[in-house]
Amino acid sequence: MCVTCGCGQGEIRIEGAPAGEASPQHGHVHRHADGTVHSHAHEHGHGHDHSHDGSHWHQHADGSRHDHDHGVAGAAALGAAHAPGVDATRRVQIERDILAKNDAIAAANRRLLAERGIFALNLVSSPGSGKTTLLVKTIEALHGRIAASVIEGDQQTSRDADRIRATGAPAIQVNTGKGCHLDADMVGRALTQLDPAAGSLLLVENVGNLVCPAAFDLGEAHKVVILSVTEGDDKPIKYPDMFHAADLMLINKTDLLPYVDFDVDAAIAFARRVQPGIGVMRVSARSGEGFDAWLAWLERGVAAARARVGAGAALEQRVA
């Protein structure tokens, strides 16, 4: 059992991946740029810096920096209900070790993606927000403009991956069993199988859950949180960690606004209360509202990822 959130372990299935690779709870997986993998059974796999209050941060390839608060109070609260018989101090240490090892693997994922100029997004939401339909319409709209591939996270079935593959885009299904979120190791192993094209767009559809995925870095450039108008407009303040971790909020299914009690302005205000810098777009896969802006945002991200690879190659030539 994962003491960070209490979800089950040991039932993970990744399409095409060999069994037996180490998970973040039992070691860390080192990934080379060529996709080869080997595991280390370390007690600590720190790929980031800690501050004295128990928080840590990691830096992205583009120079942006994310902070995570894993202080004693927060860690104890996360683990308290899920590790009976384990004292609070030990729970805190276990959670820090799990998140440290996850972040080390996420850093390896991030390096691999940066070296190949791949723009990767972690799409998070509650169940039923319309993530898969949004992805299908996005991939269809980008056809002939940007190559896209998808890592699908669900507890069971390959239904969503099958829907993505029906568009012609490659997809790998990750089934988490009793697990309620993807982690960096799952994504890294899926990347090995998927082998996305250099300079492409990688979309990771996380398990539907507005709590646990907020704590796990996957190596993405951005978390994109999707809030459908069929949910409450107060979700951002009820689930603040997720919205605080996101860089963009998509208010989805806007074609249904005439039929539901959802205050768009209130939802935006609540989101910016917990994350002042969060971007916001209104979108509908059915009506097409907001899709031009969404696609343009994706194209800018892909172009920037490609440009960083070109800039790095030019610098290497000058140094040589």
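Student: How many cavities of 30 Å³ or more does the count come to?

Tutor: Rolling a probe the size of a water molecule over the atoms shows where empty space is left. A cavity is a set of points, on a 1 Å grid over the protein atoms alone, where a 1.4 Å probe fits but cannot get out. By this rule there is one cavity of 30 Å³ or more. The model is predicted: local features need pLDDT of at least 70, side-chain atom pairs count only at pLDDT 80 or more, and totals for chains, interfaces and linings use all residues. Residues are numbered from 1 along each chain as its sequence is written, and side-chain values use heavy atoms, with hydrogens and water left out.

Student: Which residues line the largest cavity?

Tutor: Lining residues have an atom within 4 Å of a point. Among them are Leu113, Ala120, Val187, Leu218 and Glu220. Strands are DSSP runs of E, at least two residues, numbered from the N terminus. S7 (119-125) and S10 (201-205) each supply at least two lining residues, and the largest share, three residues, comes from S7.

Student: What span should helix H3 have?

Tutor: Helices are DSSP runs of H or I with at least four residues. The expected span is 1.5 Å times one less than the number of residues. H3 (residues 131-142) has 12 residues and so should span 16 Å; its end C-alpha atoms are 16 Å apart, which agrees.

Student: Which residues of H3 are buried?

Tutor: Buried means under 20% relative accessible area (1.4 Å probe, protein chains only). In H3 the buried residues include Leu134, Leu135, Thr138, Ile139 and Leu142. Just after H3, Gly144 has a positive phi of about 85 degrees.

Methods
Buried < 20%, exposed > 50% of the residue type's maximum accessible area, 1.4 Å probe, protein only. 1 Å grid on protein atoms, 1.4 Å probe; cavity = no way out; pocket = protein on both sides within 12 Å on 5 of 7 lines; lining within 4 Å. Points joined across faces, edges and corners; volume = space filled by probe spheres on them.
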